[in-house]
Amino acid sequence: CILVRVYTPKAEEVPDRVERALGHARHILEVMNEFPALKRAIFLVPSDHDCKETLLALRTRFAHEAISISKITVLSFPGHHSCEVLNRGLTELSYDTSHALIVSGKMISYLTRAALLSIDQAFERGAKVVGVAADELRDIVLAGRIQNTFAGWDIKAFLEVGGFDSSTGVEEIAPSVRLIQKYGPCVAVLLPSEVS
């Protein structure tokens with residue numbers, strides 16, 4: 001499953017955000033056709049950080065464009081956009097999904113069949129979290145500091161170690177460290193050349 005956060009505190013920016021999200025949804029649907037194991041995507045609206053108009057606008061626009069709600073769902077949760085909302089999204093998925101990929105809109109172009117194959121292979125080799133080292137985050141991710149701009153998580157393992165925690169300053173650090181403590185070396189990093 002894919003998780004994409006969409007929100008804006010400014011009502012005047014909602015139409016633009018919704019159009020970009022529609023483009024992301026279309027891209028995800030194309031990738032689903034090429035990679036049948038990917039069956040679902042969730043657009044998460046962090047209600048505490050949004051102007052309160054994005055959720056309805058997204059649902060309305062997706063319905064107008066006949067975006068299948070069985071493939072792409074729009075949900076909203078309260079809490080911090082990089083911790084509680086993602087924790088809730090991954091918890092929702094845990095009932096029927098083993099792995100999830102959190103992707104930022106600015107990284108959506110890296111979401112390809114090749115990327116999903118490489119991420120799957122990393123999980124098969126024992127990874128519990130997989131990050132893609134691309135763009136301005138390349139050096140940070142290559143150093144092992146996974147970023148949720150493009151990161152895959154083993155949901156069960158992730159929840160077992162307590163999920164995201166902003167008390168460390170960067171929400172991805174706590175679960176990554178706890179996963180390593182529990183499973184040993186289990187963080188995989190992929191270069192853009194491995195996902196294109």
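This is a predicted model: local features need pLDDT of at least 70, side-chain atom pairs count only at pLDDT 80 or more; totals for chains, interfaces and linings use all residues.
Which residues lie nearest the centre of the second largest pocket? They are Cys1, Ala37, Leu38, Thr97 and His99.

Start by zooming out. The protein has eight helices and seven strands. Along its principal axes, the C-alpha trace spans about 45 × 35 × 35 Å. For 196 residues, a compact globule would have a radius of gyration near 16 Å, and the protein comes in at 16 Å, so the two agree. As for what is tucked away, 49% of the 196 residues count as buried.

Now pick out strand S6, residues 150-154. Five of its five residues are buried, so the rest of the structure largely encloses this strand. Which way do the residues of S6 point? Phe150, Gly152 and Asp154 point one way, while Ala151 and Trp153 point the other way, and all are buried.

Strand S4 (99-103) and helix H4 (113-124) each supply at least two residues of the lining of the second largest pocket. Helix H4 gives the most to that lining, with four residues. In total, 18 residues line the second largest pocket. By class, they come to 10 nonpolar, four polar and four charged residues. The space in this pocket is about 300 Å³.

And the largest pocket? That one has a volume of about 440 Å³. Its lining is made up of 14 residues, and Arg5, Tyr7, Ser104, Gly105 and Lys106 lie nearest its centre. Strand S1 (2-5) and helix H1 (14-34) each supply at least two residues of this lining. Helix H1 gives the most, with four residues. Sorted by class, the lining of the largest pocket has five nonpolar, five polar and four charged residues.

Let's finish with the cysteines. How many disulfides are there? The count comes to zero. Cys1, one of the residues nearest the centre of the second largest pocket, is in no disulfide; its nearest cysteine sulfur belongs to Cys83 and is 19 Å away. A disulfide would need the two sulfur atoms within 2.5 Å. Is Cys1 buried or exposed? Its relative accessible area is 15%, so Cys1 is buried. Cys51 counts as buried too, because its relative accessibility is 18% and the cut-off for buried is under 20%.

Conventions:
Residues are numbered from 1 along each chain as its sequence is written. Side-chain values use heavy atoms; hydrogens and water are left out. Buried means under 20% relative accessible area, exposed over 50%, partly exposed in between (1.4 Å probe, protein chains only). On a 1 Å grid over the protein atoms alone, a cavity is a set of points where a 1.4 Å probe fits but cannot get out, and a pocket is an open set with protein on both sides within 12 Å along at least five of seven lines; lining residues have an atom within 4 Å of a point. Grid points are joined across faces, edges and corners, and a volume is the space filled by probe spheres set on the points. Ala, Val, Leu, Ile, Met, Phe, Trp, Tyr, Cys and Pro count as nonpolar, Asp, Glu, Lys and Arg as charged, and the others, Gly among them, as polar. The radius of gyration is taken over C-alpha atoms; the globule rule is 2.2 Å times the number of residues to the power 0.38.
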